[in-house]
Amino acid sequence: MRIGILGSGLMGGKLGTIFARAGHDVVFSYSHSKAKLEKLARDAGGQARAGTPAQAAKDADALLLAVHWSRVDDVVKKAGDLSGKVIVSCSLPMNADDTGLVIANTSSGSEELVKKVPKAHVVSAFNTVPSEVLFSVFERKGSGTPPSVVYCGDNAKAKKVAAQLITDVGFEPIDAGPLRIARYTEPFTLLVGQLAYEGDRGPAMAYRFEWFEERES
């Protein structure tokens, strides 16, 4: 598939790299530095390259939205017409200082994204995964039981695309249902992040797959 990365920071950079190494045609976009995008593309190898959001969106089979909530409007505008596009969102609707969700309980960032791009097909995925585990999960792909990742969305074809990308990273995709389920997964993600980086377990919770496996054994 051709995958456009809208937001090439920590999460977008890692997932885009994995998608490229899994054989997809990847376009990295939306960074403060063009040099960073070019380095990401070089390091990812394969068919990866740097581009603008509009170039990332053009002819894309799927787009990964991985920007801070405050930048969603800007990157969507720069991407252009997203009608019919599959958008896999791993962005949380965080406030400016990243201390809490600005949308929760009665809606979600994923549902609000649909209002911004009503003709696109949004799937919420990957936002329950700490970015620290992505490369290690990909490297262990095919060996043992894969960790699970939940995803949700309202369009069957879009969800099939998202499930394939989740599988390519090395996870087992779990269909959690319609997009409104993101109202529950997004607060959960914030909780996991707080436990990981503020709690006593620190990195152990960020690597929660290994931790749970250790406890179960």
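Visitor: Before we start, what does "partly exposed" mean here?
Guide: Buried means under 20% relative accessible area and exposed means over 50%, with partly exposed in between. Keep in mind that this is a predicted model.

Visitor: OK, so where does D43 fall?
Guide: D43 comes out as partly exposed, because its relative accessibility is 42%. K39 has a relative accessible area of 45%, so K39 is partly exposed too.

Visitor: What does D43 form with K39?
Guide: A salt bridge, with the closest N and O atoms 2.7 Å apart. Both residues sit in helix α2 (residues 34–44), 4 residues apart, which is about one turn of the helix.

Visitor: How many salt bridges are there?
Guide: The count is 7. One of them pairs R183 with E111, where the closest N and O atoms are 2.9 Å apart. R183 belongs to helix α8 (residues 182–198) and E111 to helix α5 (residues 109–116), so this pair ties together parts 72 residues apart in sequence.

Visitor: And E111, buried or exposed?
Guide: Buried, at 15% relative accessible area.

Visitor: What about R49, which residue does it bridge to?
Guide: D25, with 2.6 Å between the closest N and O atoms. That one links distant parts of the chain: R49 is in strand β3 (residues 49–50), D25 is in strand β2 (residues 25–29), and they are 24 residues apart.

Visitor: Switching to cysteines, how many disulfides?
Guide: The structure has 0 disulfides. C90 is buried at 10% relative accessible area, and C152 is buried at 1%.

Note on methods. Residues are numbered from 1 along each chain as its sequence is written. This is a predicted model: local features need pLDDT of at least 70, side-chain atom pairs count only at pLDDT 80 or more; totals for chains, interfaces and linings use all residues. Side-chain values use heavy atoms; hydrogens and water are left out. A disulfide is a pair of cysteine sulfur atoms within 2.5 Å. Buried means under 20% relative accessible area, exposed over 50%, partly exposed in between (1.4 Å probe, protein chains only). A salt bridge is a side-chain nitrogen of Lys or Arg within 4 Å of a carboxyl oxygen of Asp or Glu. Helices (H or I, at least four residues) and strands (E, at least two) are DSSP runs, numbered from the N terminus.
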